[in-house]
Amino acid sequence: MRLLAVILLVLIALLQHPLWLGKGGWLRVWDVDRQLQQQKESNGKLEMRNAGLDAEVRDLKQGYDAIEERARFELGMVKQDEVFVQIPDKPASEKTVAPAAEKPAIATAPARPAKR
């Protein structure tokens with residue numbers, strides 16, 4: 001009777017092996033599902049980027065406002081009879097490199113005479 005129980009346990013283990021570790025087993029399914037979720041997240045980010053680029057292309061094709069904005073900000077162009085004024089963020093004196101702080105000297109203790 002004990003031999004029959006051992007044989008049945010081994011048979012069940014052999015039947016379970018492909019379910020868990022085989023080519024289409026649960027572990028493989030979980031791994032593929034995780035990869036699928038990562039790919040969906042990546043695709044969502046790329047779709048948002050593509051939508052923004054598509055809107056920018058439509059703006060450039062349809063109107064001159066987007067072209068003018070790019071010319072002003074990226075190329076620094078101005079219209080005729082316009083005056084360009086640039087205000088720096090920080091004064092020039094603050095942009096200079098501050099002198100390096102002096103390193104404190106390392107104090108060393110005098111050598112003690114050996115006790116006898």
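Contact is taken as heavy atoms within 4.5 Å. Helices (H or I, at least four residues) and strands (E, at least two) are DSSP runs, numbered from the N terminus. The model is predicted: local features need pLDDT of at least 70, side-chain atom pairs count only at pLDDT 80 or more, and totals for chains, interfaces and linings use all residues. Residues are numbered from 1 along each chain as its sequence is written, and side-chain values use heavy atoms, with hydrogens and water left out.

The protein chain contains four helices and zero strands. From the N terminus on, its elements run α-α-α-α. Of the 116 residues in the protein chain, 3% are buried. Buried here means under 20% relative accessible area, exposed over 50%, and partly exposed in between (1.4 Å probe, protein chains only).

Helix packing was examined next. Two packed helices are described by the angle between their axes and the distance between the axes. Axes are lines fitted to C-alpha atoms, for helices over the stretch in contact, and angles run from 0 to 180 degrees between N-to-C directions. Helix α1 (residues 2-21) packs with α2 at an angle of about 10°, their axes 4 Å apart. Helix α1 is therefore roughly parallel to α2. Angles under 35 degrees count as roughly parallel, over 145 as roughly antiparallel, 65 to 115 as roughly perpendicular and the rest as oblique. In this contact, L19, W20 and L21 of α1 meet W26, L27 and W30 of α2. By class, the residues of the contact of α1 with α2 are six nonpolar, no polar and no charged. Ala, Val, Leu, Ile, Met, Phe, Trp, Tyr, Cys and Pro count as nonpolar, Asp, Glu, Lys and Arg as charged, and the others, Gly among them, as polar.

The axes of α2 and α3 come within 6 Å and cross at roughly 105°. Helix α2 is thus roughly perpendicular to α3. Here E56, D59 and L60 in α2 meet A66, I67 and R70 in α3. The contact of α2 with α3 has three nonpolar, no polar and three charged residues.

Side chains of opposite charge can pair when their charged atoms come close. The structure holds eight salt bridges. A salt bridge is a side-chain nitrogen of Lys or Arg within 4 Å of a carboxyl oxygen of Asp or Glu. One of them joins D54 and R58 (3.1 Å, N to O). Both residues lie in helix α2 (residues 26-62), four residues apart, about one turn of the helix. D54 is partly exposed, at 42% relative accessible area. R58 is also partly exposed, at 42%.

A salt bridge also links E74 and R70 (3.9 Å, N to O). E74 is exposed, with a relative accessible area of 57%, whereas R70 is partly exposed at 34%.

R72 and E82 form a salt bridge at 2.9 Å, N to O. R72 lies in helix α3 (residues 65-73) and E82 in the loop between α3 and α4 (92-95), so the pair ties together parts that are ten residues apart in sequence. Both partners are partly exposed: R72 has a relative accessible area of 28%, and E82 has 35%. A network of salt bridges links E68, R72, K79 and E82.
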